[in-house]
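Good morning, and thank you for the time.

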Amino acid sequence: MSRSLFGPGTFVLGGGAALMGLFLVIGFLLPGSWEASASATLDETPDAVLARLDSPEGWSDWTTWPDSTSRSGPERGAGATLAWSSRELGSGSFRISEASPARVVYEVRVEGDGGSALRTSGEILLTAVPEGTRVEWTEEGDLGSNPLMGWWALSMDRAQSAELEKSLERLAEVLRAAR
């Protein structure tokens with residue numbers, strides 16, 4: 001009795017391998033970058049909002065950070081940096097690169113396996129309005145050239161925009177509680 005080389009198992013395994021290969025090829029072709037944005041009007045002065053944005057300690061009042069962190073640079077403004085090393089989140093840093101009464105710019109870098117890094121940059125614009133302060137937050141990132149990250153980047157615009165909105169809500173709560 002002879003067995004055929006092209007039996008049902010060969011077609012199933014070969015088809016699965018072909019689909020996995022196609023999945024990876026498409027992942028390589030997808031962009032690894034994403035952009036997100038959110039805005040809110042907060043019932044606070046621009047100075048009160050800026051006080052929570054121009055230092056890593058201010059950010060830690062309304063955003064989540066790993067437990068193990070180290071601080072470097074000035075207390076506030078450009079160069080203020082928070083670095084961490086966490087089993088869950090990896091090693092990374094948050095650095096304020098510019099801070100003025102109308103604008104805060106920052107960079108986040110998270111080290112990945114094999115020396116790769118995930119980079120995020122963000123900008124928060126503050127505008128005085130009759131109701132308080134209009135906060136416009138934009139963020140963009142690059143997940144690198146990993147084909148799995150290309151697929152992840154497809155959903156990052158929407159998912160990260162939702163996270164920015166939640167963060168602005170927490171910022172508003174912290175500012176209200178500080179009054």
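Predicted model: local features only at pLDDT ≥ 70, side-chain atom pairs only at ≥ 80, totals over all residues.

The protein chain has four helices and seven strands. Along the sequence, these elements follow the pattern α-β-α-α-β-β-β-β-β-β-α. The chain has 179 residues, of which 34% count as buried. As for contacts between residues at least 6 apart in sequence, 49% of them join residues at least 24 apart.

Let me now come to the aromatic rings. A pair of aromatic rings is described by the distance of the centres and the angle of the planes. The count comes to eight aromatic pairs. One of them is formed by Trp 62 and Trp 137, an edge-to-face pair with 5.7 Å centre to centre and 70° between the planes. Trp 62 lies in the loop between α3 and β2, and Trp 137 in strand β7, so this pair ties together parts that are 75 residues apart in sequence. Are these two residues buried or exposed? Trp 62 is buried, with a relative accessible area of 2%, and Trp 137 is buried as well, at 3%.

Another pair is that of Phe 94 and Tyr 106, which is tilted, with 5.6 Å centre to centre and 35° between the planes. Phe 94 belongs to strand β4 and Tyr 106 to strand β5, and the two are 12 residues apart. Phe 94 is buried, its relative accessible area being 1%, and Tyr 106 counts as buried at 2%. Ring pairs also link these residues into a cluster, whose members are Trp 59, Trp 62, Trp 65, Trp 84, Phe 94, Tyr 106 and Trp 137.

Leu 53 is buried, with a relative accessible area of 1%. Which residues does Leu 53 touch, not counting those up to four places away in sequence? They are Trp 59, Trp 62, Ile 96, Val 104, Ile 124, Leu 126 and Leu 171. Of these, Ile 124 is 71 residues from Leu 53 in sequence, yet the C-alpha atoms of the two are 8.5 Å apart in space.

Arg 52 is found in this loop too, between α2 (46–50) and α3 (56–60). Arg 52 counts as buried because its relative accessible area is 18%, and the cut-off for buried is under 20%. The side chain of Arg 52 is joined to that of Asp 61 by a polar contact of 2.3 Å. Leaving aside neighbours within four places in sequence, Arg 52 is in contact with several residues, including Trp 59, Trp 62, Leu 171 and Ala 178.

Finally, the largest pocket has a volume of about 860 Å³. The pocket is lined by 26 residues, and the closest to its centre are Val 108, Val 110, Thr 120, Glu 139 and Gln 160. Which elements each supply at least two residues of this lining? They are β5 (103–111), β6 (117–129), β7 (132–142) and α4 (147–178). The largest share, seven residues, comes from α4. By type, the lining divides into 16 nonpolar, five polar and five charged residues.

That concludes the presentation; thank you for your attention.

Notes
Residues numbered from 1 in each chain as written. Heavy atoms only, no water. Buried < 20%, exposed > 50% of the residue type's maximum accessible area, 1.4 Å probe, protein only. Polar contact = N/O pair within 3.5 Å; in protein donor to acceptor, adjacent residues only side chain to side chain. Contact = heavy atoms within 4.5 Å. 1 Å grid on protein atoms, 1.4 Å probe; cavity = no way out; pocket = protein on both sides within 12 Å on 5 of 7 lines; lining within 4 Å. Points joined across faces, edges and corners; volume = space filled by probe spheres on them. Nonpolar A, V, L, I, M, F, W, Y, C, P; charged D, E, K, R; others polar. Phe/Tyr/Trp six-rings, centres within 6.5 Å; stacked < 30°, edge-to-face > 60°.
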